[in-house]
Amino acid sequence: MEKELVEFLVKSLVDEPDQVSVNVIEGEKSTILELRVAEGDIGKVIGKQGRIAKAIRTILSASATKGGKRAVLEILD
């Protein structure tokens with residue numbers, strides 16, 4: 001669920017949606033999502049002063065909490 005949510009949000013923001021990949025690492029109490037985008041799109045995902053990244057993390061956290069888990073988004077370059 002969280003993976004699809006992050007993919008949808010990020011693909012809507014970037015110029016190269018086919019370069020978006022999300023790797024999910026499941027833990028007992030938390031899930032880590034590793035996000036990779038094209039080199040030119042990383043700024044669009046992070047946003048000014050990290051605002052877009054923070055918004056994506058907030059939505060992800062709300063979604064994960066609903067399922068009783070914790071989710072962490074890591075943006076890899």
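# Exercises on a predicted model

Leu 5, leaving aside its neighbours within four places in sequence, is in contact with Ile 59, Leu 60 and Ser 63. The model is predicted. The exercises start from this residue.

## Exercise 1

Find which helix holds Leu 5 and which helix holds its contact partner Ser 63.

*Solution.* Step one: Leu 5 lies in helix H1. Step two: Ser 63 lies in helix H3. Step three: look from the other side. Leaving aside its neighbours within four places in sequence, Ser 63 touches Met 1, Glu 2 and Leu 5.

## Exercise 2

Decide whether Ser 63 is buried or exposed.

*Solution.* Step one: the relative accessible area of Ser 63 is 16%. Step two: the cut-off for buried is under 20%. Step three: Ser 63 is therefore buried.

## Exercise 3

*Solution.* Step three: the crossing of the two helices is right-handed.

Step four: list the residues that make the contact. H1 supplies Glu 2, Leu 5, Val 6, Leu 9, Val 10 and Leu 13. H3 supplies Ile 52, Ile 56, Ile 59, Leu 60, Ser 63 and Ala 64. Step five: sort these residues by type, which gives 10 nonpolar, 1 polar and 1 charged.

## Exercise 4

Work out how strands E1 and E2 are paired and joined.

*Solution.* Step one: E1 (residues 21-26) and E2 (residues 30-36) pair in the antiparallel sense over 6 bridges. Step two: a hairpin of 3 residues joins E1 to E2. Step three: check individual positions. Val 24 has Leu 33 of E2 as its bridge partner, and Glu 26 stands opposite Thr 31 in E2.

## Exercise 5

Give the order of the strands in the sheet, and say which strands are at the edges.

*Solution.* Step one: 3 strands form an open sheet in the order E1-E2-E3, with mixed pairing. Step two: E1 and E3 (70-76) are the edge strands, as each pairs on one side only. Step three: from one strand to the next, the twist averages 20 degrees.

## Exercise 6

Notes
Residues are numbered from 1 along each chain as its sequence is written. This is a predicted model: local features need pLDDT of at least 70, side-chain atom pairs count only at pLDDT 80 or more; totals for chains, interfaces and linings use all residues. Side-chain values use heavy atoms; hydrogens and water are left out. A crossing is left-handed if the near helix is turned anticlockwise from the far one by less than a right angle, and right-handed if clockwise. Helices (H or I, at least four residues) and strands (E, at least two) are DSSP runs, numbered from the N terminus. Contact means heavy atoms within 4.5 Å. Ala, Val, Leu, Ile, Met, Phe, Trp, Tyr, Cys and Pro count as nonpolar, Asp, Glu, Lys and Arg as charged, and the others, Gly among them, as polar. Two strands pair if DSSP finds at least two bridges between them. Buried means under 20% relative accessible area, exposed over 50%, partly exposed in between (1.4 Å probe, protein chains only). Axes are lines fitted to C-alpha atoms, for helices over the stretch in contact, and angles run from 0 to 180 degrees between N-to-C directions.
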